[in-house]
Amino acid sequence: MRMSRMLVPTLREDPADAESISHKLLVRAGYIRKISAGIYAYLPLAWRVIKKIEDIVREEMDAIGGQEVLMSILMPKEMWDETGRWDLYGDEMFKTKDRKGRWFCLGPTHEEQITALVRDNVSSYKQLPLIFYQINTKFRDELRPRFGVIRGREFIMKDAYSFHTSVEDLKKTYDDMYRAYTRVFERVGLDAEAFEADTGAIGGKMSHEFLVPAEYGESEVVKCESCGYKATIEVAHAPYKKINYPPSSEPLTKVHTPNTHTIEQLAEFLGVEPSRIIKSMLYKADDDIVMVLIRGDYEVNEVKLAKVLGASEVRLLTPEELDEMNLVKGYISPYAVKDKKIKIIADESVSDVKDGVIGADEVDYHYIHFNIDEFDIEYVDIRQVESGDACPVCGAPLKRYTAIEVGHIFNLGTRYSEPMGATYLDENGQRKPYIMGCYGIGISRVMATIVERSHDDQGIIWPISVAPYHVIITALDVKKENVKNAAEELYKMFTDAGIEVLLDDRDLSPGVKFKDADLIGIPFRVVVSKKTLSAGEFEVKVRKTGEVFNMPKEKLVSFIEEKINEELSK
């Protein structure tokens with residue numbers, strides 16, 4: 001391919017709305033263009049990268065017995081009603097009506113459709129296990145699409161689904177997928193690690209996320225460098241820091257606490273530790289209202305809270321909703337709901353607070369000498385784990401950091417097969433529900449994550465395995481016939497050898513062409529100019545290391561082939 005004929009609209013300045021490195025560089029290097037918030041077009045260079053990622057994924061899925069299919073993006077409401085997810089999935093689901101008034105959704109995921117397909121076409125245990133996968137476009141109406149294609153409303157995804165007769169058989173495929181995912185991410189040059197994770201809207205019994213450390217990641221994780229414990233922040237556990245304040249003999253006392261709008265201000269005003277303060281919050285858990293108590297030095301983990309309550313969604317009550325209950329945000333106490341038949345739950349750390357501080361249900365007033373024991377409270381683990389907390393396995397300090405989720409695998413059990421009546425006949429002629437797993441890789445997200453992890457001040461540095469081209473020939477002085485002819489000869493020589501090559505034959509200054517070559521990130525740059533032709537050698541620059549080699553034409557192909565094979569064999 002010649003750049004004079006190719007759409008590669010490079011930019012010198014970062015786009016104004018870009019935060020992450022990958023968003024900036026993929027736009028500047030002419031890989032993607034924004035269509036709307038969270039929606040992008042993939043230009044020719046990006047599409048070549050995506051197809052290479054897809055090919056690697058296909059190879060690994062096929063190697064473990066996966067069968068590729070392509071399912072419909074548009075799905076009827078009735079299919080999702082069978083599992084209850086039409087209402088449970090929430091506002092992230094794109095919904096639309098056809099001309100006859102029937103509801104459909106644009107698929108955010110395909111558990112219902114694949115389960116229906118297998119239910120209607122597979123009937124015997126002799127046909128199991130089965131693994132199906134597809135690479136397709138997905139749609140999720142993200143509230144805050146961010147970081148370019150890392151968190152978009154439309155994205156390309158590989159999703160796979162497996163069907164089994166036993167938990168043991170599912171585990172084998174789950175482990176096969178785990179290893180296949182590890183190989184995929186190694187092959188595309190990503191240092192992904194598997195973390196214990198929340199099952200979220202997909203549901204099921206167990207899941208692992210494959211995550212790559214990144215400044216602009218949308219996930220948060222904790223990891224113990226000592227023993228290797230790893231978990232996403234939604235499911236991470238750590239023992240709370242014990243406190244030993246003796247009970248007070250003083251009675252509960254209301255005190256004036258003006259201008260104390262934060263825990264830190266209140267603690268300083270009263271001369272107490274933040275761990276002596278109990279925060280009281282009211283949550284809406286589906287259709288119920290629940291009071292949640294937590295120590296002032298901790299934060300509530302709402303995913304844990306939802307699981308404890310068995311709720312599909314939890315959220316704090318708004319100030320308007322609190323007003324309707326005659327309650328004041330920031331100053332609520334359990335006394336305010338004592339006669340309202342509202343359940344009270346507390347983080348387990350609150351059980352240590354014997355002489356505490358709590359809101360007094362009045363602006364600028366708090367109670368001191370509060371004793372939690374006078375209330376009937378359920379103690380649970382609902383707190384957010386932070387850096388420095390003790391590892392639940394070995395006690396060493398945990399490290400918390402951001403990461404990008406590039407893959408997720410789930411043990412679904414019978415979450416979908418039972419409500420959808422998806423059964424098979426076992427060896428005794430008995431009907432049993434399929435035991436299922438599902439497994440996703442964000443293809444477009446993987447492309448962006450590679451850029452997040454592999455770049456420098458000049459631009460992108462693609463690994464050989466997914467680079468849009470292996471070599472870019474930068475021809476200078478293209479109006480000179482000998483330069484043009486030499487560049488064309490090299491182009492044919494590389495092409496004939498099976499090396500993917502891009503010829504920059506544009507009539508632009510050397511500085512612009514060099515900057516573009518570095519920006520778009522092709523692994524090897526070969527310079528053809530009047531100077532190199534006079535010297536009888538061509539300049540080869542390795543994008544990853546910056547090394548420059550000068551060599552005669554007859555050694556170019558073998559040099560590039562050796563470097564490519566060396567990189568791919570790592």
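Reader: Start with V471. Which residue stands opposite V471 in β28?
Author: V501 stands opposite V471. Keep in mind that this is a predicted model.

Reader: How many bridges join β27 to β28, and do they run parallel or antiparallel?
Author: There are 4 bridges between β27 and strand β28 (residues 501-504). The two run parallel.

Reader: And what about β27 with β29?
Author: Strand β29 (residues 524-528) pairs with β27 over 5 bridges, in the parallel sense. In that pair, I472 stands opposite R525 in β29.

Reader: Why is β27 described as largely enclosed?
Author: Because 5 of the 5 residues of β27 (residues 471-475) are buried, the strand is largely enclosed by the rest of the structure.

Reader: Which residues are on which side?
Author: V471, I473 and A475 sit on one side of β27. I472 and T474 sit on the other. These are all buried, and both faces are covered.

Reader: What unit do β27, α11 and β28 make?
Author: They make a β-α-β unit, and the unit is right-handed.

Reader: Let's follow α11 then. At what angle does helix α11 pack with α14, and how far apart are the axes?
Author: Helix α11 (residues 481-496) packs with helix α14 (residues 553-568) at about 40°. Their axes are 10 Å apart.

Reader: Is the crossing left-handed or right-handed?
Author: Right-handed, as α11 passes α14.

Reader: Which residues meet there?
Author: From α11, the residues are E489, L490, M493 and F494. From α14, they are K553, L556, V557 and I560. The contact of α11 with α14 divides into 6 nonpolar, no polar and 2 charged residues.

Reader: Changing topic. What is the strand order in the sheet with β13?
Author: The order is β13-β19-β18. That makes an open sheet of 3 strands with antiparallel pairing.

Reader: Next, how are β4, β6 and β5 arranged?
Author: They form an open sheet of 3 strands in the order β4-β6-β5, and the pairing is antiparallel. The edges are β4 (74-76) and β5 (94-97), each with a single partner strand, so one side of each is left without a neighbour in the sheet. Neighbouring strands are turned by 35° against each other on average, direction ignored.

Reader: What joins β4 to β6?
Author: 3 bridges join β4 to strand β6 (residues 103-106), and the two run antiparallel. L74 stands opposite L106 in β6.

Reader: Last one. Where is S219, and is S219 buried or exposed?
Author: S219 is in strand β11 (residues 219-223). Its relative accessibility is 10%, so S219 counts as buried; the cut-off for buried is under 20%.

Reader: What is S219 in contact with, leaving aside neighbours within four places in sequence?
Author: The contacts of S219 are E209, L211, Y401, T402, A403 and E405, with those neighbours left aside.

Definitions and conventions: Residues numbered from 1 in each chain as written. Predicted model: local features only at pLDDT ≥ 70, side-chain atom pairs only at ≥ 80, totals over all residues. Heavy atoms only, no water. Axes fitted to C-alpha atoms, helices over the stretch in contact; angles between N-to-C directions. Left-handed = near helix turned anticlockwise from the far one by under 90°. Contact = heavy atoms within 4.5 Å. Nonpolar A, V, L, I, M, F, W, Y, C, P; charged D, E, K, R; others polar. Pairing = 2+ DSSP bridges. Buried < 20%, exposed > 50% of the residue type's maximum accessible area, 1.4 Å probe, protein only. Right-handed = clockwise from strand over helix to strand, strands pointing away.
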